[in-house]
Amino acid sequence: MKHIELKNMNSDSLKADNDDVFNNENRGYQRSNSDHELHTLKKESNEQLKRLPRSTSVSGAQISVIYEVPSDVNSDEITFAPPPPAASAGYSHNQQRRSTGTGPHERQLSILDPMSDRVSTILVWQNLIVSTRISRRQVFIHKLKSKGPPPTSKRLLHNVSGAITGGLWAVMGPSGSGKSTLLNTLACRLDVNTVVEGEMRLNGAPYDNAELKRVSGYVMQDDLLNGYLTVEETLMYTAELRLPRTFTDKERRDRVDDVLNDLGLTHARHDIIGSQLRQGISGSERKRLCVCMQLLNRPQLLFLDEPTTGLDSVTALDLLYTLNELAHGKSQDKAVTIVCSIHQPQTKIFNLFDSIVLLKAGHIIYQGSRKQSTEVFRAAGHPCPLFTNPADHLLDVITPPKHGSSNSEEPQLTLEQQAAVDEAIVKAQPPLDIDLTLGVDKRIGQMSNITMNPPWHKQVRILFRRSLREQFRKVNIIVTSIIQTFIMAILIGTVFLRIGTTQTSIVRRESVIFFCAINQGVFGALTVINSFPVERTLTLRERASGTYFASAYFIAKVLADTLVQLPIPIIFSCVVYFLIGFQATAGKFFIFMVLIILCSVTSTSLALMVSAICRTTALSVTVLPMVLEVTRLFGGFFVAPSRLPKYFSWLDALSYIKYSFVGGALNELSGLNLNCAGVKVTPVNATYSYTATCITHGETLIDERGYDYINVGGCIGVLIGFIIFCRGCAFLGVRFLKH
C-alpha cells in the first residue's frame, strides 16, 4: 500500500491510499474547500474519464488545476500548490479554464506565472492552420504528365492553439509530427510555399518577421559558420553588427566575454572554427557558438531547431544544462524564454525542461508542465512504468508500432483504438480559453528595449573587414593564383617574344592581344564561380536574424573580392607587355593594363551574376561555360567586325571579350610603323614578279578589320557598363532569390 501525501495551501498534510497491485482508489481521505483533487483512473477503464473535472460554464468558476511549487520534500510525496489568489486579475483571468468550442486540440498554458517579471515575452497562437501551397507551375506540370485530378495542398498543422509563457520549452513528437513546422511558424521562418491561417500574438499584439527578429534569436539545426574565422572573431563581428550603435568597443568585448563564459567557450576563443578541409572546433563547440551568436543582443525569446542533433549524449546533456541555466538566469537582463524542437531526449535532458508541447500528425496532444505530463497520461490510463524514460513513454503511447513489426509484448492497435487513446489524453486535460491579449502590459517594456542596429555604411565597413580577413586566411589560393599568373604570362611572352615590326608581326600581334583578353577573361570568371553559392545559406541565415542588409553584404563582398583580384591582371600586364615587345610608350602601356583589368573584372562580374541567379555551384558551372564560349566566338578575332553577319550583330554587341580585344588592338595599332623587310616576292616570269602588299601603318589594319567603329574610350566605357549591369543583376539575385 503506497501513501501519496498532498499538501493544501495551509500546509496541512492530506493522505490518500493507492493500491499499487490492483490500482484501486481509496476516496476515504479528508478534504477541505481549498483542496485540489488528484484524480486517478483504473488502467483498464477509460469510461471514468467523463468524471474528470471540466469547466462547465463561462461564469469564471475555477476548476481543479494542479499548480507546481518548488520540490523540496521527500521524493515519495507528490506536492501541489493551490492557485494564486484572485487579487491578480490578469493572472486569475488567464487561469480560468473555459471551453472555446474550437475543438479538442487546445492545451493548457504553462503553469509558470506569465505575469512574473521574469517572463518578458509571451507568445500566443490560436486556431493555427499551416498547409502547403500549390503553385501554378505544379498544376501545369501535373496536367502535362497526367489527366488525373490536380494536386491538393497538404495540411501540416491542424487548428492548434497554445502559448509560450516563459522557461525552457520542448516541442516533441515523432518524425513528421510538425515540430519544425510549428517552430518555424511561430518564428516567421516558413517557406514561401506554405499558407498560414490563424492568429499569432507577441505580448498581446500581432507581429511579423521584422519585429520578431529584433527581440528573438533562432539557432538552426545545422551549424553553418565561417570556417576561416576564430570563435572570438566570429562573435566580435556579430557583436559589431547586432549590438546597439551606442555600444563602445569595450562594451562589445565585455558582452562577448560574457557569452563565452556563459556557454563555456572561453578555452576555445582563439581556435579556428574550421571547415571540411581544415580541422577546427568540435561539434558541441560549434553548436554552443551558434547559441552565443544569438545571445549577444540578449534576446527575450530563443528558438532552437533540434539543438542535440549530431551530438553525443554527454555533450547534448551539457548543452541543455546551459540552456536551462539561461532560461532561469540569475539577473533579469539574462532571462530568456527558450523553445527547442527535440525528437526523443534522454531522461536527464527531459527533466531539464519546464514545459513541453507534444505533437502528433500536426495536432497538439499535450501542452503544459513537463512534471504534470506523466500524471495526465496516467489519468488517461497509460502510467509510466518504473525505470522508463518519460519521453520514450510519451512517444510510445501516441506512436504505436507499425503493423507488421514483431513485438510480442505489446498488442497491435487499430487506427480506431489509437484514436481513442489520443482522445483520452486530450480529455484528461482541461481545455483552455486562449487570451490573445495575454502579455499586452509587457509590450511597452519590450518595445522600449529595442535598439537600433549600426547604420548601413558602418555595416559595409564591418563586413568589408570580415571579408578581407577571410580572404587573407585563404593564403594558399592567393599564392597559387599569383604563381599561375606568372607562369602563364611568361609562357605567352616567350611564345610571342619580341614580335618586332615586320610584316609577319601583324598576324602575331592581333593573336597575342586576343589571347591575353581570353586568358584574363576566363581565369577571372572561374575563380569566383562558387563565391555566392558557398556563402548563400550562411548569408540568408544572417539576414533572417536581422544582422545586416543585403546591399551592405553585397557591396562589402564585391569590394573585398575585387581588391584581392586586382593584383592578378596587373602582374600579368607588367610581365606580358614587355616580353612581347608592344610599343614602348607609357600611355599605351597603362591603357593596355586598364583594358586587361577591366576584362578580368567584367568576367568576374559575369560569373557573379550567373552564380547569384543559378544559386548552386552545380548549375553555375553548367551555365557559365556556354556564356564564355559565346563571348569568345564573337570576340572580334575569328570574325572581324567588318565581316560579321548582321543577324549576329546582337551577340557581337554582348561579347565583353570583343571590347577588350578591339580596345587593345586600337591601342597597339594606332601610331604603329611597320617596315617592309621580309616581304615575300613571287616571280611570275623572267621579266615580271609579284610583290606582296606591304602595310606600313597600323591604321591601315584598323580600317581593313573594321576596328574603327568604336574608339578606345568607348571600349572602356562599355566594359564599365558591363560591370555595373552584371553586378546589379547579381545583387538582385542575392537580394530576392532566397529559395
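**Labels and the values behind them**

Just after α20, Arg 615 has a positive phi of about 75 degrees. This is a predicted model, in which local features need pLDDT of at least 70 and side-chain atom pairs count only at pLDDT 80 or more, while totals for chains, interfaces and linings use all residues. Residues are numbered from 1 along each chain as its sequence is written, and side-chain values use heavy atoms, with hydrogens and water left out.

Q: What makes up the secondary structure of the protein?
A: The protein has 25 helices and 13 strands; helices (H or I, at least four residues) and strands (E, at least two) are DSSP runs, numbered from the N terminus.

Q: How do you know that the span of helix α20 agrees with the value for its 29 residues?
A: The expected span of a helix is 1.5 Å times one less than its number of residues. For α20 (residues 586-614) this comes to 42 Å, and the end C-alpha atoms are 42 Å apart, so the two agree.

Q: Why is α20 called largely enclosed by the rest of the structure?
A: A residue is buried when its relative accessible area is under 20%, exposed when it is over 50%, and partly exposed in between (1.4 Å probe, protein chains only). In α20, 23 of the 29 residues are buried, and the helix is therefore largely enclosed by the rest of the structure. Across the 739 residues of the protein, 50% count as buried.

Q: What makes a set of residues a nonpolar core, and which residues have the most contacts inside the largest one?
A: A nonpolar core is a set of buried Ala, Val, Leu, Ile, Met, Phe, Trp, Tyr and Cys residues joined through side-chain atoms within 4.5 Å. The largest such core has 76 residues, and those with the most contacts inside it are Val 512, Cys 516, Ile 580, Phe 582 and Tyr 707. The largest share of this core, 16 residues, comes from α20. A second, separate core of 59 residues includes Ala 327, Phe 353, Phe 377 and Ala 379.

Q: Which residues does Cys 516 touch, not counting residues up to four places away in sequence?
A: Contact means heavy atoms within 4.5 Å, and with that exclusion Cys 516 touches Ile 492, Phe 572, Val 576, Phe 592 and Ile 596.

Q: Why is Leu 235 called buried?
A: Leu 235, which lies in helix α5, has a relative accessible area of 0%, so it counts as buried. Leu 235 touches, among others beyond four places in sequence, Val 256, Val 259 and Leu 260. Val 256, Val 259 and Leu 260 are themselves among the buried residues of α6, and the buried residues of α6 pack against α5 (231-242), α7 (283-295) and α14 (456-473).

Q: What makes Asp 254 and Lys 250 a salt bridge?
A: A salt bridge is a side-chain nitrogen of Lys or Arg within 4 Å of a carboxyl oxygen of Asp or Glu. The closest N and O atoms of Asp 254 and Lys 250 are 3.0 Å apart, and the pair forms a salt bridge. Because the two residues are four apart in helix α6, about one helical turn separates them. Asp 254, at 37% relative accessibility, is partly exposed, whereas Lys 250, at 59%, is exposed.

Q: How do you know that the salt bridge of Asp 258 and Arg 298 links distant parts of the chain?
A: The side chains of Asp 258 and Arg 298 meet at 2.7 Å, N to O. The relative accessible area of Arg 298 is 22%, so it counts as partly exposed.

Q: Why are Glu 470 and Lys 474 both called buried?
A: Glu 470 has 10% relative accessibility, so it counts as buried, and Lys 474, at 17%, counts as buried as well. The side chains of Glu 470 and Lys 474 meet in a salt bridge at 3.7 Å, N to O.

Q: Why is Ile 483 called partly exposed?
A: Ile 483, found in helix α15 (residues 475-495), has 46% relative accessibility, so it counts as partly exposed.
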